[in-house]
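User: Hi, I have a protein on my screen and some questions. Can we go through it together?

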Amino acid sequence: MPASRSQLMSFLEELNIPVSTIDHEPVFTVAESADLHDRIPGGHTKNLFLKDKKGNLFLVVALHDATIDLKKISSIIGASGRVSFGKADLLEEVLGVTPGSVTPFSLINDREAQRVSVVFDADMMEQEVLNFHPLLNNASTAISADGLMAFAKACGHDARVLAVSAEAQKVTEDL
């Protein structure tokens, strides 16, 4: 049985990771969430549940407006061959959420099996505050980048911070 929002909040509290949550109308896409960006401060995000040709699973998280090239990302994240989006039934099986509610907070549902490799975009991790759905798409929970890393670790995942977006790659090239 997947974790509920209240179980997620209790887990974050046990970890002493401060968060704040704002309830809002359900949003299913980045485009639908555009008006929330004015009402909720911090970095807004998109979450990609990906699968490679060998069946390896990845959760890639970046800023909502990041440009991510699915043809290039496989070599960056260490996938075997090209990646594609994981199907809804696999998403529900592994992370316990439905399309439109994908979030790094769903790692709470992958603590035992640890089937998903987690990648946070370097550009996103420069934000002080990040916003994610707390397992359902009718709210946004704000967390610090450090808090996000601590949460992933507590779920048994060694999240990697990589330049997966075109924006983060440009910064890396400019250095």
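Predicted model: local features only at pLDDT ≥ 70, side-chain atom pairs only at ≥ 80, totals over all residues.

User: Which residues of α4 are buried?

Analyst: Helix α4 covers residues 88–95, and its buried residues are L90, L91, V94 and L95. They sit on the same side of α4, because they cover an arc of only 100° around the axis.

User: And which exposed residues are on the face turned away from the buried side of α4?

Analyst: That face carries D89 and E93, both exposed.

User: What covers the buried residues of α4?

Analyst: The cover includes β2, β3 and β5.

User: OK, switch to α3. Which residues are buried there?

Analyst: Helix α3 spans residues 70–77, and I73, S74 and I77 are buried in it. These three share one side of α3, since their arc around the axis is only 105°.

User: So what do the buried residues of α3 pack against?

Analyst: Five strands: β2 (43–52), β3 (57–63), β4 (83–85), β5 (116–121) and β8 (160–162).

User: Which exposed residues does the other face of α3 carry?

Analyst: K71 and S75 are the exposed residues on the face turned away from the buried side.

User: What happens at the start of α3?

Analyst: Look at D69. One of its side-chain oxygens comes to within 2.8 Å of the backbone nitrogen of K71.

User: And which residue follows α3?

Analyst: G78 does, and its phi is positive, near 80°.

User: New topic. Where is T103?

Analyst: T103 lies in the loop between α4 and β5.

User: Is T103 buried or exposed?

Analyst: T103 has a relative accessible area of 0%, so it is buried. The cut-off for buried is under 20%.

User: What does the side chain of T103 reach?

Analyst: It reaches the backbone nitrogen of F105, at 3.1 Å.

User: Which residues does T103 touch, leaving out those up to four places away in sequence?

Analyst: With those left out, T103 touches N47, L59, F132, H133 and L135.

User: Let's zoom out. How many helices and strands are in the chain?

Analyst: The protein chain has six helices and eight strands. From the N terminus on, the order is α-β-α-β-β-α-β-α-β-β-β-α-β-α.

User: What does UniProt place at residues 24–150?

Analyst: The UniProt record, an unreviewed entry, has the feature "domain: YbaK/aminoacyl-tRNA synthetase-associated" there. In the model, residues 24–150 are 20% helix and 28% strand. The end C-alpha atoms of that stretch are 26 Å apart.

User: How does the radius of gyration of the chain fit a compact globule?

Analyst: It agrees with one. A compact globule with 175 residues would have a radius of gyration near 16 Å, and the protein chain has 15 Å. Along its principal axes, the C-alpha trace spans about 40 × 35 × 30 Å.

User: What share of the residues is buried?

Analyst: Buried residues are 46% of the 175 in the protein chain.

User: What about contacts between residues 24 or more positions apart?

Analyst: Take the contacts with a separation of 6 or more. Residues 24 or more positions apart account for 66% of them.

User: Last one. How much area does the chain expose?

Analyst: About 8,900 Å². Carbon and sulfur atoms supply 50% of that area.

Technical notes:
Residues numbered from 1 in each chain as written. Heavy atoms only, no water. Buried < 20%, exposed > 50% of the residue type's maximum accessible area, 1.4 Å probe, protein only. Helix = DSSP H or I, 4+ residues; strand = E, 2+ residues; numbered from the N terminus. Arc of directions from axis to C-beta. Contact = heavy atoms within 4.5 Å. Polar contact = N/O pair within 3.5 Å; in protein donor to acceptor, adjacent residues only side chain to side chain. UniProt positions renumbered as here; feature names shortened; annotations may be inferred. Rg over C-alpha atoms; globule rule 2.2 N^0.38 Å. Areas by Shrake-Rupley, 256 points an atom, 1.4 Å probe, with all protein chains shown as cover.
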